[in-house]
Amino acid sequence: MDTLHRLLASFASALGPSRRAQTLTAWALVGPAFVGFLLFHAWPTGRALAISFTDWNLLSEPRFVGLDNYAQLLRDGGFWQGMKLSACYVLLNIPLQIVFGLFLAVAMDRLARSLWVKALVLLPYLLSNVLVAMIWLWMLDPLLGWANEMLATLDIDRQPFFGGVDQALLTVAAVNIWRHMGLVALLFLAGLQNIPRSLYEAAGLEGASEWQMFRRITLPLLRPVMVFVLVTSVTGSFQIFDTIAVTTKGGPLDSTQVIVYYIVQNAFSFYKMGYASAMSMMLCLVMLAYTVLQMRIMRANESDLA
């Protein structure tokens with residue numbers, strides 16, 4: 001222990017006063033988030049990994065079963081159906097969310113930079129998922145909902161929305177697009193405001209059109225922001241639960257029983273905590289592989305402004 005103290009002291013003296021102050025400031029800023037990560041992410045993940053090798057019904061002592069849970073999920077049609085529905089939800093949600101968010105960002109950058117406009121755009125994201133789901137569940141109610149009342153006045157048949165097998169997942173995606181596109185827009189707006197205006201001025205002098213400047217300047221220089229948005233949005237979309245729990249409860253006819261809802265159902269309805277933990281670990285591996293692949297494909301560690 002004394003040797004460790006001497007090494008730390010010599011390292012601190014080698015850094016110098018200015019460097020030590022910067023290091024301490026950095027740790028002071030990062031420390032709370034790091035502690036939170038250890039307590040609320042790393043520890044529960046490690047605990048779930050340990051539980052995934054057991055058969056545990058939450059009432060009796062866990063029984064070690066090795067890789068049986070992982071072998072079972074490979075044969076479980078419900079698991080693969082949940083993964084398929086989650087992937088479909090991502091394909092419904094992410095492209096439109098990014099397109100609408102980018103459109104809003106460009107519009108705010110060109111037309112309105114007011115703080116009130118930004119606050120209004122971000123407001124849906126600041127509301128809780130449960131509250132948003134309850135509001136839309138009421139608005140889209142087949143009998144009493146405002147949306148169907150509007151359709152009725154236009155002589156259009158009432159729609160089931162959350163109650164339709166073919167419409168439920170699409171409706172859930174639409175609700176979450178509305179909720180999250182403001183945050184995406186502000187992320188893109190921050191990226192847009194970091195692009196030097198001189199690049200657009202030079203392109204304008206060369207006769208480039210607005211579309212050419214957007215395609216050849218804006219989109220390439222937004223790549224780091226695009227990587228962040230894609231990774232966080234896709235990961236978050238695969239974790240969709242609360243909107244479905246409030247509105248459809250996995251129905252109708254399991255048409256919205258995405259993978260996280262299926263995991264929670266196995267854990268707390270069927271009391272298969274070990275099996276649910278194994279599915280969680282598999283989902284974690286899939287998301288980790290996607291993140292690494294996405295960051296490599298889009299060269300997340302490089303900057304076109306360098």
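## Pockets and a buried loop residue

Helix H13 gives the largest share of the lining of the largest pocket, namely seven residues; helices here are DSSP runs (H or I, at least four residues) numbered from the N terminus. This is a predicted model, in which local features need pLDDT of at least 70 and side-chain atom pairs count only at pLDDT 80 or more, while totals for chains, interfaces and linings use all residues. Residues are numbered from 1 along each chain as its sequence is written, and side-chain values use heavy atoms, with hydrogens and water left out.

A pocket is an open set of points on a 1 Å grid over the protein atoms alone, where a 1.4 Å probe fits, with protein on both sides within 12 Å along at least five of seven lines; lining residues have an atom within 4 Å of a point. A volume is the space filled by probe spheres set on the points.

| Pocket | Volume | Residues nearest the centre |
|---|---|---|
| Largest | about 510 Å³ | Thr45, Gln239, Ser280, Met281, Cys284 |

The lining of the largest pocket comprises eleven nonpolar, six polar and no charged residues, whereas that of the second largest pocket has ten nonpolar, ten polar and two charged.

Ser255, in the loop between helix H11 (242-247) and H12, counts as buried because its relative accessibility is 11%, the cut-off being under 20% relative accessible area with a 1.4 Å probe and protein chains only. Beyond its neighbours within four places in sequence, Ser255 is in contact (heavy atoms within 4.5 Å) with Leu85, Val165, Ala168, Leu169 and Gly250.

How values were computed. Helices (H or I, at least four residues) and strands (E, at least two) are DSSP runs, numbered from the N terminus. Ala, Val, Leu, Ile, Met, Phe, Trp, Tyr, Cys and Pro count as nonpolar, Asp, Glu, Lys and Arg as charged, and the others, Gly among them, as polar. Buried means under 20% relative accessible area, exposed over 50%, partly exposed in between (1.4 Å probe, protein chains only).
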